[in-house]
Amino acid sequence: MATMIGSGLSTQTGAAIGSLAFPVLGAVGVVAVRQYVAALVLLAVGRPRWRSFTGRQWWPVVLLALVFGTMNLSLYSAMERVGLGLAVTLEFLGPLTLALATSRRRVDVCCAMVAAAGVITLMRPRPSTDYLGMALGLLAAGCWASYILLNRTVGRRIPGAQGAAAAAGLSAVLFLPVGVTVAVRHPPTAGAVACAVAAGVLASAVPYLADLFTLRHVPPRAFGLFMSVNPVLAAAVGWVGLGQGLGGPEWAGIGAIVAANALSILTSRN
């Protein structure tokens, strides 16, 4: 439990610290640095044997690299516009929708309706609604669902963590021109780079290693249940660390989405 709580807090704290570099590097620059850090950690852990990959193994790795980069870029861009709590909650709809869509149980239909009500509450039209920010959050959700499916395919075709490491390395290479462009147009400060690196360590390296340890001792069902707390952690970190307060309707929407996921997992037989 302590490891899971630490992993969740590390992820959301890293995202919050990374957002502090937005005024200098922008969301794109922060994501580029995060991709580099994630690649260094995963390549050190996975140690992929590039030359042994077949065509059947390469195509899901390439798709995973593209999805990995797009997911982080859309999430951080959404954070820049709508705040940490709402962005993470919208992203969380990806795995939740995937889980509910593959189920045939009536209780999951009810969970889907509860989650939909939460989304409507979060995205209710009003003069200050940032539709682009919310659209980016939903794009991150779609990427997260794709990330889960592709990770499963890569895991079946490539042993160990080699596939994930290869995808992270390829994604970092794709972001190299982005990082160079950002550095030329917006010369980074030491503080901004430090925040971006901290985001890479706290939001990528630490959670990845913690999750590897946790899943050796905790059943996937319990792990999935704890994942539903991440939107709440994100909202709390955004409130305490960034002063991004949420109103009653926003908290109600987040609560509905979290409750839908928790109910679905607790009533599952598998």
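This is a predicted model: local features need pLDDT of at least 70, side-chain atom pairs count only at pLDDT 80 or more; totals for chains, interfaces and linings use all residues.
1. **Overall make-up.** Let's start with the whole chain. The protein has 12 helices and zero strands. Read from the N terminus, the order of elements is therefore a plain run of α, written α-α-α-α-α-α-α-α-α-α-α-α.

2. **Burial and surface.** Of the 270 residues in the protein, 48% are buried. The accessible surface amounts to about 12900 Å², and carbon and sulfur atoms contribute 69% of that area.

3. **Contacts along the sequence.** Taking the contacts in the protein with a separation of 6 or more, 89% are between residues 24 or more positions apart.

4. **Helix 3 with helix 6.** These two are worth a look on your screen. Helix 3 covers residues 55–82 and helix 6 covers residues 131–157. Their axes lie 7 Å apart, and the packing angle is about 155°. Angles over 145 degrees count as roughly antiparallel, so helix 3 and helix 6 are roughly antiparallel to each other. Their crossing is left-handed. In the contact of helix 3 with helix 6 there are 21 nonpolar residues, alongside nine polar and three charged ones.

5. **Helix 2 with helix 3.** Helix 3 also packs with helix 2, which spans residues 22–46. Here the angle is about 150° and the axes are 10 Å apart, which makes helix 2 roughly antiparallel to helix 3. The crossing of helix 2 and helix 3 is right-handed, whereas that of helix 3 and helix 6 is left-handed.

6. **Ser171.** Is Ser171 buried or exposed? Its relative accessibility is 1%, and buried means under 20%, so Ser171 counts as buried. Ser171 sits in helix 7, which runs over residues 162–174. Setting aside neighbours within four places in sequence, Ser171 is in contact with Gln35, Ala65, Phe68 and Gly69.

How values were computed. Residues are numbered from 1 along each chain as its sequence is written. Side-chain values use heavy atoms; hydrogens and water are left out. Helices (H or I, at least four residues) and strands (E, at least two) are DSSP runs, numbered from the N terminus. Buried means under 20% relative accessible area, exposed over 50%, partly exposed in between (1.4 Å probe, protein chains only). Contact means heavy atoms within 4.5 Å. Accessible areas come from the Shrake-Rupley method with a 1.4 Å probe; for residues, only the protein chains shown count as cover. Axes are lines fitted to C-alpha atoms, for helices over the stretch in contact, and angles run from 0 to 180 degrees between N-to-C directions. Angles under 35 degrees count as roughly parallel, over 145 as roughly antiparallel, 65 to 115 as roughly perpendicular and the rest as oblique. A crossing is left-handed if the near helix is turned anticlockwise from the far one by less than a right angle, and right-handed if clockwise. Ala, Val, Leu, Ile, Met, Phe, Trp, Tyr, Cys and Pro count as nonpolar, Asp, Glu, Lys and Arg as charged, and the others, Gly among them, as polar.
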